[in-house]
Amino acid sequence: MSQAPSRTVVVLAAGEGKRMKSATPKVLQPLLGRTLLGHVLHVASAIHTDRTLVVVGHKADQVGAFLADAAPDATPVLQAEQNGTGHAVRIALDAAPELTGTVVVLSGDVPLLRPETVEALLTTHERAGAAATVLSAEVAEPGGLGRVVRDKNGHLERIVEQKDATEEERRIREINSGIYAFDAVLLREALGKLSTDNAQGEEYLTDVFGILASQGHPVAIEVAEFAYETLGCNDRAELSRLRVLMRDRINDAWMRSGVLLLDPATTWIDATVTLEADAVVEQNCKLSGTTTVARDAVIGPDTTLIDTTVAEGATVLRTHSIGARIGPEATVGPFSFLRPGTTLARKSKIGGFVEAKNAELGEGAKVPHLTYVGDATIGAKANIGAGTIFANYDGVRKSRTVVGEAAFVGSDTVLIAPVEIGPGAYVAAGSAVAQDVPAGNLGVTRAQQRNIEGWVARKRPGTVSAAAAEAADITSEQE
């Protein structure tokens, strides 16, 4: 059995992207969980290549730092001066002089490309024994894009850029996607013959096709099944359109896998998110990062989850959550804010207008409403009354509060950390607790109430309060 040829991916990511009008390089613009370049590198990793070379140029330090973190196996190659796509690929091959086999060239700003499409390109290329193969697409409005020119037999004759095309060629609707497969040896030879005699004064990689065809080498075309996969972007408006296309593709895939999305048009799910069948996502929701949602969980409406784990059967309503872990059958919301380090055990509850940070709730524990829980451990079946504040910061350091199993904290209480409320203990409403409350005890810090007779009449004469008090006195005397 003959050995499959080696495969090398060259990603072109050196351009500035001036029309983005951003301090961030174009290829590092975010798009549903990854950067533009990140999506392309994901495709490169999915087609099982032997190596990936990324041509960097504009803000090479930023792009290089991204690669070191997101794709450490990829090798950056510096194109100090951007003299065209042919020049970029030549520099990449110069950095790997031993390279043979198949070279796949991808653009760093084409995030909708699927691995299946690149595999189809490679299959066509390798079966035909082609020297070069281009991925093309049929589009309704090809303005500004390079055209694929075929001969009378339908074979590839050459690829022409918009600025160099004749009027007849500009009417062609089959466009060059900027995605190619080449024989490495023949590509290297052809790159040495490129010129800059064109409208942009650059070395066009597309001229390689004409050079190879004129030498009698076979060149081929693979037409993309979905033209939208070949779309790149040059400005914020085009990036926004790509975002909508990707949203729809991601949502469609999840719905076909058994996830219920009540309003896909207002549901935004990053490419890095995982959902199980029978999960429900209601309208106006954003699921980002490493978020996972298990079977029978209900998310939303109006909820944002970032790097959050939601277990089976949990409900998360009108909530903003970052880095939290929500256990089975737990409930959160409405109008809750979960910050990193928050963990909810089975059937625990964080209710309306509650903020939690680095907080652990045991099984069945409840924080129903209007509470701040910072740096706390709350035992199973404990109940925290409305308006409670876990005062975790003394202006210098943060300390932890522990509430034991089945303890009860009354409303409008301040727990001043570090402090521990023992199992089964009670804290009276309105208390400010700075010392531990042992198990089974009642902690009370309220001062004794006293009523000052006649205070309103003396201090607030002529007010509606004074009039109401006077009327009440008259009524009491008559009774």
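Tutor: Happy to! The protein chain holds ten helices and 37 strands, and bear in mind that this is a predicted model. Before we zoom in, here is the setting. The radius of gyration of the protein chain is 33 Å, whereas a compact globule of 479 residues would come near 23 Å. Along the principal axes, the C-alpha atoms occupy a box of roughly 115 × 55 × 45 Å. Of the 479 residues, 46% are buried, and the accessible surface is about 23,100 Å², with 50% of that belonging to carbon and sulfur atoms. Among contacts with a separation of 6 or more, 40% join residues 24 or more positions apart.

Now for the helix: let us pick α2, which spans residues 60-70. Its buried residues are V63, F66 and L67. Viewed down the axis of α2, these buried residues fall within an arc of 100 degrees, so they line one face of the helix. On the face turned away from that buried side you will find the exposed residues D61, A68 and D69. As for what covers V63, F66 and L67, the elements include the helix α1 (36-46) together with β3 (34-35), β4 (51-56) and β5 (75-78).

Key
Residues are numbered from 1 along each chain as its sequence is written. This is a predicted model: local features need pLDDT of at least 70, side-chain atom pairs count only at pLDDT 80 or more; totals for chains, interfaces and linings use all residues. Side-chain values use heavy atoms; hydrogens and water are left out. Helices (H or I, at least four residues) and strands (E, at least two) are DSSP runs, numbered from the N terminus. The radius of gyration is taken over C-alpha atoms; the globule rule is 2.2 Å times the number of residues to the power 0.38. Buried means under 20% relative accessible area, exposed over 50%, partly exposed in between (1.4 Å probe, protein chains only). Contact means heavy atoms within 4.5 Å. Accessible areas come from the Shrake-Rupley method with a 1.4 Å probe; for residues, only the protein chains shown count as cover. The arc is that of the directions from the helix axis to the C-beta atoms.
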